[in-house]
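Here are some exercises to work through with the model open beside you. Try each task before reading its solution.

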Amino acid sequence: MEPSNNIVNLPNLYVMKQHPIQHMLKSEFIKLEEKEDSFLSEFNNKVIKLFKNAFWKSKSLKYKVFLLKTIIFQRKATRRRAKYNLHGTHVPAFLIFSVTHRCNLRCKGCYANTFRDLSGIPPKELELNKMEQILGEANDAGSNIVLLAGGEPFVRVKELFHLATKFPQIIFPVFTNGTLLNQDIIQTLKKHRNIIPVLSIEGHMVETDARRGEGIYKNILNVMQLLNQNAIFFGTSITLTRKNFTLVTNQSFIESILGYGCKLFFYIDYVPVISGTEELMLTEEQAESIPQITTKYQSEYPALFIGFPGDEEKMGGCLSSGRGFFHISPEGYVEPCPFAPVQAADLNEVSFLDALQSPLLKAIRANHDKLVETQSGCALWENQEWLRDLNLQVKAKKVTPG
Ligand code: SF4
């Protein structure tokens, strides 16, 4: 039997014989799951399942203790969000924080490069102390799953480790090309379990190297092997295009990556931010099949499968603008989503909670029902004109040219 599915059904006798930590964890899981009754319950429950799976699979007592603490931190964060909710402020559980524009690769069609090039604004990035302040405020409000993106986040590796130490309550999935993860960094990751590397691939060697550069795929597999040997929890992020869709959603592909120890799969729909690349967008049929695929694999494999924005329909549609998360740019600008880099507030000038109440984010949340996801998957991308008008109305400053 699959242990992770039985956690709430264990006979009492067995529960009593469990290790005290396992017993505590079980009750924490139950309490946490009871609280997850919002539109995001599916998303949050997936994260809880991730912790459960990891707990049952791990043979390391230290790691089990880490997971137990994580569950307790998540519970506290849920309570803090609920408190704010009572007073009319909806705080998202998740944030996406792009910590740098810098990258050691120049991948084709990279969103970060494209938006930066379009903006013509010289890249800046927040100082460490400012990042600390923002994360402190976010954590106090209950946003304590912070996805770090870039550029390549590991170009700021010392600062990442500093932040992970300073905020053990926060889980940091880090979207990385994997090329900077050498032996030293992997050894240090063992001391920072709250950092979860998420390695980007496009398919097998042909597809990955074609977009990211020669030798990148081989390097990623080596890194996966090292992470696995060192019992470090990691995931992968795959950009879905019309061309690679069949390959990367195929069972044999999934099983090959699972064989390297990967426990978390992000399927990110290709959004044509570069004009002339529309032919890479998923077909309607492909886009519509994502929720079934992630649900099916979720039930068949010991890993988490998250489609973005593919799975958002299951959560009531577009999660941007603080409904499920918002995006912080390397400069500290608050934006609805990485796919909608419109400046709603500046965290150099306002607090985390004030940014959440910025007119643009509030207006998008208030008009959430208008954001219907269509073929491109991304509702705001499909409704760029509406977003532009809304932006003008609330007089927010745009980061990219219209
Ligand atoms: S802007 Fe697009 S990708 Fe971002 S949350 Fe909304 S639908 Fe999803």
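A residue counts as buried if 20 or more other C-beta atoms lie within 10 Å of its own, as exposed if 12 or fewer do, and as partly exposed in between, with C-beta atoms placed from the backbone. Helices (H or I, at least four residues) and strands (E, at least two) are DSSP runs, numbered from the N terminus. The model is predicted: local features need pLDDT of at least 70 and side-chain atom pairs count only at pLDDT 80 or more, while totals for chains, interfaces and linings use all residues. Residues are numbered from 1 along each chain as its sequence is written.

**Exercise 1. Strand S4**

Find which way each residue of S4 points, and which strands pair with S4.

*Solution.* 
- Step 1: sort the residues. Ile195, Pro197, Leu199 and Ile201 point one way, while Ile196, Val198 and Ser200 point the other way.
- Step 2: check burial. Seven of the seven residues of S4 (residues 195-201) are buried, so this strand is largely enclosed by the rest of the structure.
- Step 3: look for partners (two strands pair if DSSP finds at least two bridges between them). Strand S3 (residues 172-176) runs parallel to S4, joined by five bridges, and S4 is joined to S5 by four bridges, also in parallel.
- Step 4: Thr176 stands opposite Leu199, and in S5 the bridge partner of Leu199 is Thr236.
- Step 5: follow the chain. S3, helix H8 (residues 183-189) and S4 form a right-handed β-α-β unit. Right-handed here means that, with the strands pointing away from the viewer, the path from the first strand over the helix to the second runs clockwise.

**Exercise 2. Strand S6**

Which residues of S6 point one way, and which the other? Then locate its partners.

*Solution.* 
- Step 1: Leu264, Phe266 and Ile268 share one direction, and Phe265, Tyr267 and Asp269 take the other.
- Step 2: Six of the six residues of S6 (residues 264-269) are buried, so S6 is largely enclosed by the rest of the structure.
- Step 3: S5 (residues 235-240) is parallel to S6, with six bridges between them; here Ile238 stands opposite Tyr267.
- Step 4: S7 (residues 304-308) also pairs with S6 in the parallel sense, over five bridges, and Ile306 in S7 is the bridge partner of Phe266.
- Step 5: S6, helix H13 (residues 284-300) and S7 make a right-handed β-α-β unit.

**Exercise 3. Helix H13**

Compare the span of H13 with expectation, and find where H13 has a kink.

*Solution.* 
- Step 1: The expected span of a helix is 1.5 Å times one less than its number of residues. With 17 residues, H13 reaches 25 Å from its first C-alpha to its last, close to the expected 24 Å.
- Step 2: A kink of about 35° lies at Ile290, shortly before Pro291. The bend is the angle between axes fitted to the seven residues ending at a residue and the seven starting there.
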